[in-house]
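The sequence and model come first.

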Amino acid sequence: MKMNKVQVLLSAYNGEQYISEQIQSILNQRHPSISILIRDDGSTDRTVELLEELMRLYPDKIKLIKGPNVGVVSSFFELMRSADSEADYYCFCDQDDVWLDHKVESAITRLNSSLHTEVPAMVFTTTYLTDDQLNQKGTWPKPPAQEPSFFNALYENIAIGATITMNQSARNLFMNSESVNSEKVLMHDWWFYLLISAFGTVIYDNTPSMLYRQHSNNVVGGSNSILGKLKSKWASFKRHIGRDLLHKQASEFHRIYGSRLQGVYKEQLELFITPRRRFVDRLRYARKSRLYRQSRAESLLFKFFILIGFI
């Protein structure tokens, strides 16, 4: 039986503190056929030096792209474009977490058991939230209240990038499409949640696959406390809503994939991106929209934001 080839895509930026531990946890995976493609996003610390040292130790396992600082979204998109086209599966990876040794094997098992292995598919998981010393603080985030879907993906990202594994069909869909303007994309993982939920299968696995390290430099953080969750949600709302970023991302998705969408997906996407200047238009949209966030309270809040013209 053919051994599935897996490529891990890691974007690094000033990651000298934790990156060696992360890479070691990838090399310690139960699944044997794993390579790591790393793109350094213009680090100014010892990250590149450490990576070159690891490349000397594992020349067949690790490759490095040194690039200018373009930001996390562009960096991951470049990694996806530079990835090994013959790999069967691709994993997104952050520089400061630690993977549990079953992470890759479990993801492949879930994707291989999917009914349609030829369609684009991805699996994402929950995590063990930890402090900077990897002391566990519980699982995060809690399981989705509703199924992952395109109707959810237009409003909310529930897939933590560092837990995502996708199949070759998912990468091919990305590669065989018009190039995406990363400035209009909120996050790389959100884009792939949108893309794969529109044209394939998104699988949630509630078994934690990694230790999600929280420290002062996290790009996106998690929290299990009520106050922490409220602060995180409010920061997310401010980040995504006021500057019309949800619309920009959805419009970019429509530009690239609108002609390929069919039925209710196409209808709901176009309904979302159509301007709603009058209150009556906003009211009509609120009635017709099938989009949702995982929390019922947040879905209602979004309807309120729509009615007052904030979304």
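Asn 14 is found in the loop between strand 1 and helix 1. Helices (H or I, at least four residues) and strands (E, at least two) are DSSP runs, numbered from the N terminus. The phi of Asn 14 is near 45 degrees, a positive value in a residue other than glycine. Asn 14 counts as partly exposed because its relative accessibility is 29%; buried means under 20% relative accessible area, exposed over 50%, and partly exposed in between (1.4 Å probe, protein chains only).

Leu 134 lies in the loop between strand 7 and strand 8, and its phi, near 70 degrees, is likewise positive in a residue other than glycine. A cis peptide bond joins Trp 140 and Pro 141, with omega about -10 degrees. Pro 141 belongs to the loop between strand 8 and helix 5 (150-153). Most residues other than glycine have a negative phi, and most peptide bonds are trans.

## Basis of the model

This is a predicted model, in which local features need pLDDT of at least 70, side-chain atom pairs count only at pLDDT 80 or more, and totals for chains, interfaces and linings use all residues. Residues are numbered from 1 along each chain as its sequence is written, and side-chain values use heavy atoms, with hydrogens and water left out.

## The chain as a whole

The secondary structure of the chain comes to 12 helices and 11 strands. Of its 311 residues, 52% count as buried. Among contacts (heavy atoms within 4.5 Å) with a separation of 6 or more, 81% are between residues 24 or more positions apart.

Seven strands form an open sheet with mixed pairing, in the order 3-2-1-4-9-6-10. Two strands pair if DSSP finds at least two bridges between them. Strand 3 (62-67) and strand 10 (201-205) stand at the edges with a single partner strand each, so one side of each is left without a neighbour in the sheet. From one strand to the next, the twist averages 20 degrees.

Within this sheet, strand 6 (residues 121-125) and strand 9 (residues 165-167) pair in the antiparallel sense over two bridges. Val 123 stands opposite Thr 165 in strand 9. Helix 1 (residues 19-27) packs on the sheet and touches strand 1 (6-12), strand 2 (34-41), strand 3 and strand 4 (89-93); its direction makes about 175 degrees with that of strand 1. Helix 3 also packs on the sheet, touching strand 1, strand 2, strand 3, strand 4 and strand 9, and its direction makes about 140 degrees with that of strand 2. Axes are lines fitted to C-alpha atoms, for helices over the stretch in contact, and angles run from 0 to 180 degrees between N-to-C directions.

Strand 7 (residues 127-130) and strand 11 (residues 210-213) pair in the parallel sense over three bridges. The bridge partners in strand 11 are Leu 211 for Tyr 128 and Tyr 212 for Leu 129. Strand 7 pairs with strand 8 in the antiparallel sense, over three bridges, and Thr 130 stands opposite Gln 136 in strand 8. These two strands form a hairpin with five residues between them, and Leu 134 is in the turn.

## Helix 3 against helix 6

The axes of helix 3 (residues 72-82) and helix 6 (residues 168-175) come within 10 Å and cross at roughly 110 degrees. That makes helix 3 roughly perpendicular to helix 6. Angles under 35 degrees count as roughly parallel, over 145 as roughly antiparallel, 65 to 115 as roughly perpendicular and the rest as oblique.

Phe 77, Met 80 and Arg 81 in helix 3 meet Arg 171, Phe 174 and Met 175 in helix 6. By class, this contact has four nonpolar, no polar and two charged residues. Ala, Val, Leu, Ile, Met, Phe, Trp, Tyr, Cys and Pro count as nonpolar, Asp, Glu, Lys and Arg as charged, and the others, Gly among them, as polar.

## Helix 9 against helix 10

Helix 9 (residues 245-257) and helix 10 (residues 263-273) pack at an angle of about 135 degrees, with their axes 9 Å apart. The two helices are therefore oblique to each other. The contact is made by Leu 246, His 247, Ala 250, Ser 251, Phe 253 and His 254 of helix 9 and by Leu 269, Glu 270, Phe 272 and Ile 273 of helix 10. Six of these residues are nonpolar, three polar and one charged.
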